[in-house]
Amino acid sequence: MGEAPVREDGTVTRSAEYVGSFPVDDNCLDDQIKQLHTQLKSLKACKTRRPVSLKFSIKGVKMYNEDETILLMAHALRRISLSTARPVDSQFAFVAHNPGCPDTQLYCHVFKARHARAAQFLNLLLCRCFQLSYLEKHPEEAQIDSAGSLPHRKPSLLNHGFPLSVSALVSFRRAPFGGLLPGTKKTPKSSDDQQSSQDEVFPISSPSLMRKKVIRTKVLRSGAYRSFTFTPRKQRTIQDQLSVTQEKDLDKLPARRSRAPSLSETEEALAQAVWCWAGIATESSYSLLADDVLGSYLLCQHPKNPKCGSLIIRFSSGPITHLIENTRKGKFVLEKCKTEFNSMAELIEHYTETEDELPCLLSYARVNHCYEWEENVSKQQPVKLQPKRSRN
């Protein structure tokens, strides 16, 4: 029993379809974002796509073929400038410097996910990599807990290990997602569609439970089961499709003691960590937000009212703090706004699609604050890929 096995190097693997890349103009950040979304819209109907496996870590992003035997592309995290998504078209993309190209030339690499939630999940993974990389390079800016000491565990993609000061505010137990992330539309689905919609969700069951379930349903023979993290795409698909039934079975089990959120457990925990910039001190997060994309935001305690939460949004004039008020019915509402929400997830989803009283939409995009504009040849030579040669 316990968590599903994970890679010791902290790598998380997800599947997608690679659409291609296009050059990004050397403009200001806001103009680049506009160009990206214009190009992404034009590529939403592109039929030329290649199934790939993406491996995320705080060292960078690697793209393999579908069976994870051939390395097709590799980008050091320090050379990836930003990450974004368009869940409405199930698109995920990141902007990076290609090894061997001039430092001023950037390319946007575009991927098609299976559905809107999967695209947002890929984006959250890379955004969290940016945050963890910043923490690793700037440990002095780590969040200090209530006892006045730094977190004991080293942050990682697989176990955040940091207390969230607004955990009560962002409580997903109180008003659960229903498995939805911002940008996901609720539409009626058949039983087959409901199973396929789980393709990009990490299973929360143990390997033992999963193995027994797979064998019992005769999908795989005894001895053929392997862990989710280490399996190629086809076996991961079979395993993911069983997660819905297993979650229902696990709901009947007695609640276990709470522990630090892990990426291998819930996508909600990942979203919460990204929204709150988990592990980074609020003052540092606020400073970084001023240099992020238009519409980026930080969820944290209100500076003047610690009992309340706040949503700090980067507008063209700079970061603006919005108090999050609690109504008598237990709902959330932004100050000077009228719409009420059952959870913070609903609130963020709404304002990524509708401006209402806000000057701009909340943005899915995030900047890598550890991005290096110049290639340091002395530290790392560009990797020469040989796609025709398989790994042994």
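**Strand S5 and its partners**

Mentor: Strand S5 and strand S6 (residues 91-96) run antiparallel and are joined by six bridges. Strands here are DSSP runs (E, at least two residues) and helices are too (H or I, at least four), numbered from the N terminus; two strands pair if DSSP finds at least two bridges between them. Bear in mind that this is a predicted model, where local features need pLDDT of at least 70 and side-chain atom pairs count only at pLDDT 80 or more, while totals for chains, interfaces and linings use all residues. Residues are numbered from 1 along each chain as its sequence is written, and side-chain values use heavy atoms, with hydrogens and water left out.

S5 itself covers residues 80-86, and seven of its seven residues are buried (under 20% relative accessible area; exposed is over 50%, partly exposed in between, with a 1.4 Å probe and protein chains only). Four residues separate S5 from S6 in a hairpin, and Ser90 in that turn has a positive phi of about 55°. Within this pairing, Leu82 sits opposite Val95.

S5 also pairs with strand S12 (residues 366-367), again antiparallel, over two bridges. There Leu82 faces Val367. Val367 also turns up among the contacts of Asp292, along with Arg366 and Ala365 (contact means heavy atoms within 4.5 Å). Asp292 lies in the loop between helix H8 (282-289) and S8.

Notes: Lists of a residue's contacts leave out its neighbours within four places in sequence.
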